[in-house]
Amino acid sequence: MSGAPRTARGSRTRARLLAAAESVFASVGYHEASIVKITEQAEVGLGTFYLYFEGKQAIFDEVVEDLNRRVRHAMTEAARSAGNRLEAERAGFRAFFRFTAEHPALYRIIRQAEFVSPGALRMHYTRIVNGYIEGLKAAQAAGEVRRLDPTVAAWALMGIGELIGMRWVLWEEPGESGPGPRREVPDHVFEEMMQFIERALAPDAAPDQEGTTDG
């Protein structure tokens, strides 16, 4: 059985293993990855690996959970100072795209999870959506967004961010040289996306009172 680290040094070692695993899984894929490759990149002994993880599947699932925690934290922190839900959407999407550019492993590893660890895949999306649903419910109660099914809206909004990020952050344009993603979604793409989202979420118009008085 693997265990949690008991010392600060153990915590640092475990963190190095997770970082190495993220890099290895993203670069060569789950099936080509090995515990030896992970420990070599982390610069720790093979036996040390088993102090913290039961095997390759266990560390893969932990990498997915760690990426999930970090991207949710980035989005939450960015949206914290927003004055309303539409501002929070804008700040949250900016943070998501920035995280994606800095950590392209997020996409690559989550795609692998569909086949390697469906439970980890479901955990990743469900945790993001659950927080989204609660935020939309609160915004509805405050009159900041229109009446809609918050569960459907949350999944739809997450899908928008996922595919916009894949197309304009992760993918290279034809003719571009050098590896790696862009640093930001192009401004015109981001603004077009936000106009679409803002129109979808805009609060319901106040009932037209015209004609309610005697003419």
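Which backbone nitrogen does a side-chain oxygen of aspartate 149 reach at the start of α8? The views below take up this question and others on a predicted model, in which local features need pLDDT of at least 70 and side-chain atom pairs count only at pLDDT 80 or more, while totals for chains, interfaces and linings use all residues. Residues are numbered from 1 along each chain as its sequence is written, and side-chain values use heavy atoms, with hydrogens and water left out.

**View 1. The start and span of helix α8.** A side-chain oxygen of aspartate 149 comes to within 2.9 Å of the backbone nitrogen of threonine 151, at the start of α8. Helices here are DSSP runs (H or I, at least four residues) numbered from the N terminus. Helix α8 covers residues 150-170, and its 21 residues reach 28 Å from first C-alpha to last, close to the expected 30 Å, where the expected span is 1.5 Å times one less than the number of residues.

**View 2. The buried residues of α8.** Among the residues of α8 that are buried are Ala153, Leu157, Ile164 and Val169; buried means under 20% relative accessible area, exposed means over 50%, and partly exposed lies in between (1.4 Å probe, protein chains only). The buried residues of this helix pack against α5 (85-102), α6 (105-116), α7 (118-141) and α9 (187-201).

**View 3. Valine 189 in helix α9.** Valine 189, which is placed in helix α9, counts as buried because its relative accessibility is 7%. Leaving out residues up to four places away in sequence, valine 189 touches Ile164 and Trp168, where contact means heavy atoms within 4.5 Å. Valine 189 and isoleucine 164 are 25 residues apart in sequence, and 8.5 Å separates them in space, C-alpha to C-alpha.

**View 4. Phenylalanine 97 and its surroundings.** Apart from neighbours within four places in sequence, phenylalanine 97 is in contact with residues including Gly161, Ile164, Phe190 and Met193. Phe93, Phe96, Phe97, Tyr107 and Phe190 form one aromatic cluster, in which rings of Phe, Tyr and Trp (its six-membered ring) pair if their centres lie within 6.5 Å.

**View 5. Arginines over aromatic rings.** The charged end of arginine 94 sits over the ring of phenylalanine 190, 3.7 Å from its centre, and arginine 167 lies over the face of tryptophan 168, at 4.7 Å from the ring centre. A charge sits over a ring if NZ of Lys or CZ of Arg is within 6 Å of the ring centre and within 35 degrees of the ring normal.

Technical notes: Helix = DSSP H or I, 4+ residues; strand = E, 2+ residues; numbered from the N terminus. Polar contact = N/O pair within 3.5 Å; in protein donor to acceptor, adjacent residues only side chain to side chain. Phe/Tyr/Trp six-rings, centres within 6.5 Å; stacked < 30°, edge-to-face > 60°.
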